[in-house]
Amino acid sequence: MNHLLEVKNLQVSFFTYAGEVQAVRDVSFTLAKGETLAIVGESGSGKSVTSKSIMRLLTQTAKIKQGSIMFEGKDLASLPEKQMQNIRGKDISMIFQDPMTSLNPTMTIGRQITEVLRKHHQMNGSEASRRALELLDQVGIPNPEKRLKQYPHQLSGGMRQRVVIAIALACDPQVLIADEPTTALDVTIQAQILELMKSLQQKFDTSIVLITHDLGVVANMASRVAVMYAGKIVETGSVDELFYQPKHPYTWGLLDSMPKLHEKTEELHAIPGTPPDLADPPIGCPFAARCPYTMDVCYDHMPPYTEHSDTHRAACWLQDSRAPKIDRPQAGGE
Ligand code: SF4
Ligand code: MG
């Protein structure tokens with residue numbers, strides 16, 4: 001398969017007063033043209049750090065220790081910052097959870113869009129203004145002429161996120177990284193923004209890395225999923241494989257914690273316990289402290305990946321041929 005983006009054995013650590021925190025531990029995945037890969041996991045699982053590594057937007061205290069991020073023959077993990085600036089926002093764009101973090105409160109919407117166009121496309125003023133209008137129209141902002149002259153605070157949260165998407169798409173990027181793009185929005189607006197992303201993706205054939213903790217969003221948007229836990233990908237597969245034949249107890253727990261459509265109570269079956277301290281990660285399975293199926297081997301040895309199809313693999317000792325046969329319990333009911 002032809003991969004647009006290939007992350008291999010990525011390791012990222014934060015260096016703090018308390019010592020080294022291993023936020024991303026040996027993460028590998030690929031992204032094909034036009035596909036949406038969802039990275040799911042709880043907060044602190046390393047999903048945002050992974051995406052920020054691709055954009056090379058890590059804070060000063062973080063360092064890519066090992067691994068490669070191949071994009072069009074270049075390794076973004078080690079590319080000089082000057083060259084990275086030509087890729088960031090042009091070939092690879094990012095949308096964050098809070099639109100206000102990407103928008104400049106002191107600049108009009110119009111100026112923020114035209115600056116991107118002028119920087120990356122060397123458009124002159126009137127060309128850029130025309131294109132800005134077109135972009136606002138494409139992301140479904142009514143009355144774009146008026147909006148161009150407004151400041152971010154004059155727009156609703158949903159409209160602001162549409163502007164952020166317009167800016168992200170201004171340069172027709174090949175890869176769009178969306179980190180919890182709808183988490184800060186209310187449910188109806190959330191659905192509208194997701195629909196918008198989907199339709200724009202079909203139109204422009206953009207590849208999307210979608211970071212989320214919401215499996216409902218995954219089911220709606222993604223073709224493939226990587227489940228992250230404690231800095232590692234513990235299971236990866238197609239959406240169908242993950243939802244219908246999940247292999248990893250952590251994935252089982254995540255699926256069980258999804259609110260069911262017909263369930264009367266709002267109660268979530270959250271997984272008891274907390275993730276391990278990545279300043280001192282366990283040598284064995286990172287999920288061992290919370291897993292209901294732990295065996296001795298789990299504490300002492302990191303589970304290897306087992307392949308269940310070309311696209312589906314999981315890191316759990318239950319998949320070893322010597323382990324007892326345990327299937328996902330029918331918890332919560334369907
Ligand atoms: Fe549970 Fe062991 Fe599998 Fe880890 S390797 S998820 S502790 S059964
Ligand atoms: Mg995050």
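# Burial, packing and backbone in a predicted model

Q: Why is Ala18 called exposed?
A: In this predicted model, Ala18 has 10 C-beta neighbours inside 10 Å. A residue is exposed if 12 or fewer other C-beta atoms lie within that distance, and therefore Ala18 counts as exposed.

Q: What makes the backbone of Asn9 stand out, and is Asn9 buried or exposed?
A: Asn9 has a positive phi of about 50 degrees although it is not a glycine. Asn9 is part of strand β1. Its 11 C-beta neighbours inside 10 Å fall under the rule of 12 or fewer, so Asn9 counts as exposed.

Q: Why is Leu148 called buried?
A: Leu148 has 20 C-beta neighbours inside 10 Å. The buried class asks for 20 or more, so Leu148 counts as buried.

Q: Where is Leu148 placed, and which residues is it in contact with?
A: Leu148 is in helix α6 (residues 144-148). Leaving aside neighbours within four places in sequence, Leu148 is in contact with Thr108, Ile109, Gly110, Ala132, Leu133 and Leu136. From C-alpha to C-alpha, Leu148 and Ile113 are 8.8 Å apart in space and 35 residues apart in sequence.

Q: How do you know that helix α11 is mostly covered?
A: Six of the eight residues of α11 (residues 249-256) are buried. These are Pro249, Tyr250, Thr251, Trp252, Gly253 and Leu254.

Q: What do the buried residues of α11 pack against?
A: They pack against β3 (36-40), α9 (215-221), β9 (224-229), β10 (232-238) and α10 (239-244).

Q: Why are α7 and α8 called roughly parallel to each other?
A: The axes of helix α7 (residues 157-169) and helix α8 (residues 187-204) come within 10 Å and cross at roughly 15 degrees. Angles under 35 degrees count as roughly parallel, and therefore α7 and α8 are described in that way. Their crossing is right-handed.

Q: Which residues make the contact of α7 with α8, and how many are nonpolar, polar and charged?
A: On α7 the contact is made by Gly157, Gly158, Gln161, Arg162, Ile165 and Leu169, and on α8 by Ile189, Gln192, Ile193, Leu196, Met197, Leu200 and Phe204. By class, eight are nonpolar, four polar and one charged.

Q: What makes α4 roughly parallel to α7?
A: The two helices pack at an angle of about 20 degrees, with their axes 9 Å apart. That angle is under the limit of 35 degrees, so α4 is roughly parallel to α7. The crossing of α4 and α7 is right-handed.

Q: Which residues of α4 and α7 meet?
A: Ile109, Gln112, Ile113 and Val116 in α4 meet Val163, Ala166 and Ile167 in α7. This contact has six nonpolar residues, one polar and no charged ones.

Q: At what angle do α4 and α5 cross, and is the crossing left-handed or right-handed?
A: The axes of helix α4 (residues 109-121) and helix α5 (residues 125-138) come within 9 Å and cross at roughly 115 degrees. The crossing is right-handed. Gly110, Ile113, Thr114, Leu117 and Arg118 of α4 make the contact with Ala128, Ser129, Arg131, Ala132 and Leu135 of α5. By class, this contact has five nonpolar, three polar and two charged residues.

Q: How many residues surround ligand 1, and what is the make-up of this shell by class?
A: Ligand 1 is surrounded by 14 residues, of which the closest are Cys285, Cys291, Cys298, Cys316 and Trp317. The shell has 12 nonpolar and two polar residues, and no charged ones.

Conventions. Residues are numbered from 1 along each chain as its sequence is written. Chains are lettered from A and ligands numbered from 1 in the order in which they are written. This is a predicted model: local features need pLDDT of at least 70, side-chain atom pairs count only at pLDDT 80 or more; totals for chains, interfaces and linings use all residues. A residue is near a molecule or strand if its C-beta atom, placed from the backbone, lies within 6 Å of it. Ala, Val, Leu, Ile, Met, Phe, Trp, Tyr, Cys and Pro count as nonpolar, Asp, Glu, Lys and Arg as charged, and the others, Gly among them, as polar. Axes are lines fitted to C-alpha atoms, for helices over the stretch in contact, and angles run from 0 to 180 degrees between N-to-C directions. Helices (H or I, at least four residues) and strands (E, at least two) are DSSP runs, numbered from the N terminus. Angles under 35 degrees count as roughly parallel, over 145 as roughly antiparallel, 65 to 115 as roughly perpendicular and the rest as oblique. A crossing is left-handed if the near helix is turned anticlockwise from the far one by less than a right angle, and right-handed if clockwise. Two residues are in contact if their C-beta atoms, placed from the backbone, lie within 7 Å.
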